[in-house]
Amino acid sequence: MKTKVTENRRVKTAQDLAPRNAPVQGRSKLRSKQIIDATGELLERVGLDDLNTILIAKEVGISVGSLYHYFPNKHAILYAMGSRWLETVEAALDEIARWPVEDLPLETLVEQMLGLKLKTYKQQKAILTLVQAMFSVPELRELDEQHDELEISRMAEVFKRIGINRHLKERERLGRLYLEVTHSVMLVVVNQKGERAKRTLADLKMIICNLLGQYSPKNT
């Protein structure tokens with residue numbers, strides 16, 4: 001049962017992370033995007049601990065006061081960045097939901113799902129640092145939970161469609177396993193190149209195919 005103190009704390013956290021002004025006009029939306037993009041660039045160069053609003057404002061080419069017009073603190077910017085990444089993750093899962101997964105061989109399906117997932121990780125600047133922040137920073141933990149719940153529930157639906165006729169809780173368990181394995185490996189692959197990345201992806205594909213092959217009637 002949620003206590004009043006917990007609810008008040010969540011309300012306060014949401015207020016602390018909310019943008020100062022909703023970017024309605026095109027110019028404001030562009031500036032907000034510039035701030036988020038610049039923060040991603042800085043995360044890659046300086047890391048989370050050394051990131052601050054002074055550096056972000058300098059990177060964008062505006063004053064700290066102007067930055068605060070859009071975001072109250074660096075965690076609010078990271079929250080916006082994480083939310084934007086979750087939108088790309090959800091869009092990828094929406095795309096998979098439109099695939100004729102029932103008709104695809106398991107090996108083909110897994111290969112296509114992993115390829116699409118890798119694309120969402122490569123598109124996000126400083127993805128490893130962002131994911132670490134979502135997990136470790138209390139103000140951002142909500143995003144980490146949203147990400148897990150989204151992928152687990154969606155993969156449970158995919159598993160049912162490919163013939164894994166298990167109880168929902170069992171399919172969610174498999175969804176959690178799929179999430180944890182693919183998520184951790186993707187964070188490695190984004191920093192690999194060439195043949196090394198290809199071999200890692202091939203190994204991941206083998207792991208997932210072997211896992212799902214135990215439960216799915218599909219012929220790999």
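A residue is classed as buried when its relative accessible area is under 20%. By this criterion W85, with a relative accessible area of 1%, is buried. In the predicted model examined here, buried residues make up 43% of the 220 residues in the protein. The fold comprises 10 helices and zero strands, and the order of elements along the sequence is accordingly α-α-α-α-α-α-α-α-α-α. Among contacts with a separation of 6 or more, 72% involve residues 24 or more positions apart.

Helix packing was examined next. Two packed helices are described by the angle between their axes and the distance between the axes. For helix α5 (residues 74–98) and helix α6 (residues 106–123), the axes come within 10 Å and cross at roughly 165°. Because angles over 145 degrees count as roughly antiparallel, α5 is roughly antiparallel to α6. The crossing in which α5 passes α6 is right-handed. On the side of α5 the contact is made by W85, T88, A92, E95 and I96, and on the side of α6 by M113, L116, T120 and Y121. Sorted by class, the residues of this contact are six nonpolar, two polar and one charged.

Helix α5 also packs with helix α8 (residues 141–161). Here the axes come within 10 Å and cross at roughly 5°. Since angles under 35 degrees count as roughly parallel, α5 is roughly parallel to α8. The contributing residues of α5 are L78, Y79, G82, S83, W85, L86, V89, E90, L93, D94, I96 and A97, which meet E142, L143, Q146, H147, L150, E151, R154, M155, V158 and R161 of α8. The class composition of the contact of α5 with α8 is 12 nonpolar, four polar and six charged residues. W85 and I96 are listed in the contact of α5 with α6 and again in the contact of α5 with α8.

A further packing involves α6 and helix α10 (residues 194–213), whose axes lie 10 Å apart at an angle of about 130°. As with α5 and α6, the crossing of α6 with α10 is right-handed. From α6, the residues L106, E107, V110, E111, L114 and L118 meet L201, L204, K205, I208, C209, L212 and G213 of α10. These residues divide into nine nonpolar, one polar and three charged. G115 is likewise placed in helix α6, and at 42% relative accessibility G115 counts as partly exposed. The C-alpha atoms of G115 and L201 are separated by 8.8 Å, although the two residues are 86 positions apart along the chain.

Two aromatic pairs are present in the structure. In one of them, the rings of W85 and Y121 have their centres 5.3 Å apart and their planes at 90°, so the pair is edge-to-face. This pair links distant parts of the chain, with W85 in helix α5 and Y121 in helix α6, 36 residues apart. Y121, at 1% relative accessibility, counts as buried, as does W85 at 1%. Both residues of the pair also take part in the contact between α5 and α6. The other pair is formed by F159 and Y178 and is also edge-to-face, with 6.2 Å from centre to centre and 80° between the planes. F159 lies in helix α8 and Y178 in helix α9 (residues 168–189), 19 residues apart, and this pair too links distant parts of the chain. F159 and Y178 are both buried.

D144 is located in helix α8 and has a relative accessible area of 10%, so D144 is buried. With neighbours within four places in sequence left aside, D144 is in contact with M134 and F135. E149 is also found in helix α8; its relative accessible area of 57% places E149 in the exposed class, for which the threshold is over 50%.

Conventions:
Residues are numbered from 1 along each chain as its sequence is written. This is a predicted model: local features need pLDDT of at least 70, side-chain atom pairs count only at pLDDT 80 or more; totals for chains, interfaces and linings use all residues. Side-chain values use heavy atoms; hydrogens and water are left out. Axes are lines fitted to C-alpha atoms, for helices over the stretch in contact, and angles run from 0 to 180 degrees between N-to-C directions. Helices (H or I, at least four residues) and strands (E, at least two) are DSSP runs, numbered from the N terminus. Angles under 35 degrees count as roughly parallel, over 145 as roughly antiparallel, 65 to 115 as roughly perpendicular and the rest as oblique. A crossing is left-handed if the near helix is turned anticlockwise from the far one by less than a right angle, and right-handed if clockwise. Contact means heavy atoms within 4.5 Å. Ala, Val, Leu, Ile, Met, Phe, Trp, Tyr, Cys and Pro count as nonpolar, Asp, Glu, Lys and Arg as charged, and the others, Gly among them, as polar. Buried means under 20% relative accessible area, exposed over 50%, partly exposed in between (1.4 Å probe, protein chains only). Rings of Phe, Tyr and Trp (its six-membered ring) pair if their centres lie within 6.5 Å; planes under 30 degrees apart count as stacked, over 60 as edge-to-face and the rest as tilted.
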